[in-house]
Amino acid sequence: MDRVFQLAAERPVVVFSKSTCCMCHTIKTLFFDFGVNPTVYELDQIPGGREIEQGGREIEQALARHGVAGDFPVVFIGGNLVGGANEIMTLHLNGSLSAMLKRAGALWL
């Protein structure tokens, strides 16, 4: 299994982010406001081979191989690739984000 999808499957909500990205901050704040505690990998702060098996650049390359290139954040819910900020905001605005988070076990109420 690809390491990115392995990391994404370990927790209900996983966000691959960059610490200087304003949309990444917005999406993380949205999850926190829901009461969800996502696992966040700040790709610009992961040294190669230390905290996790792959450094941030290798994770970016793996995401690009799966069709996610350059746009952050990249959000996985329940181990499934949901997309970036546009997809998360669309789900939120149409009311389906909370149900998705509940199904993944990230939201209890």
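Predicted model: local features only at pLDDT ≥ 70, side-chain atom pairs only at ≥ 80, totals over all residues.
**Sheet**

Four strands form an open sheet in the order β2-β1-β3-β4, and their pairing is mixed. Strands β2 (39–42) and β4 (80–83) lie at the edges, each pairing on one side only. On average, neighbouring strands in this sheet are turned by 25 degrees against each other, direction ignored.

Strand β3 (residues 74–77) pairs with β4 in the antiparallel sense, over three bridges. V75 has G83 of β4 as its bridge partner. The hairpin of β3 and β4 has two residues between the strands, and in this hairpin G78 takes a positive phi near 60 degrees.

**Helices on the sheet**

Helix α4 lies across β3 and β4. Helix α5 (residues 97–104) also packs on the sheet, where it touches β1 (13–17), β3 and β4. The table gives the angles computed for the helices, with the partner of each.

| Helix | Partner | Angle |
|---|---|---|
| α5 | β3 | about 55 degrees |
| α2 | α5 | about 70 degrees |

**Contact of α2 with α5**

Two packed helices are described by the angle between their axes and the distance between the axes. For helix α2 (residues 22–34) and α5, the angle is about 70 degrees and the axes are 12 Å apart. Angles of 65 to 115 degrees count as roughly perpendicular, and α2 and α5 are therefore roughly perpendicular to each other. On the α2 side, the contact is made by L30, F31 and F34. On the α5 side, L97, S98 and L101 make the contact. By class, the contact of α2 with α5 has five nonpolar residues, one polar residue and no charged residues.

**Largest pocket**

The largest pocket holds about 160 Å³ of space. Its lining consists of M23, V68, D71, F72, P73, V74, G83, G84, A85, N86 and E87. Helix α4 (residues 85–93) supplies the largest share of this lining, three residues. By class, the lining residues divide into six nonpolar, three polar and two charged.

G83, the bridge partner of V75, is one of the residues lining the largest pocket.

Definitions and conventions. Residues numbered from 1 in each chain as written. Heavy atoms only, no water. 1 Å grid on protein atoms, 1.4 Å probe; cavity = no way out; pocket = protein on both sides within 12 Å on 5 of 7 lines; lining within 4 Å. Points joined across faces, edges and corners; volume = space filled by probe spheres on them. Nonpolar A, V, L, I, M, F, W, Y, C, P; charged D, E, K, R; others polar. Pairing = 2+ DSSP bridges. Axes fitted to C-alpha atoms, helices over the stretch in contact; angles between N-to-C directions. Contact = heavy atoms within 4.5 Å. Parallel < 35°, antiparallel > 145°, perpendicular 65-115°, else oblique.
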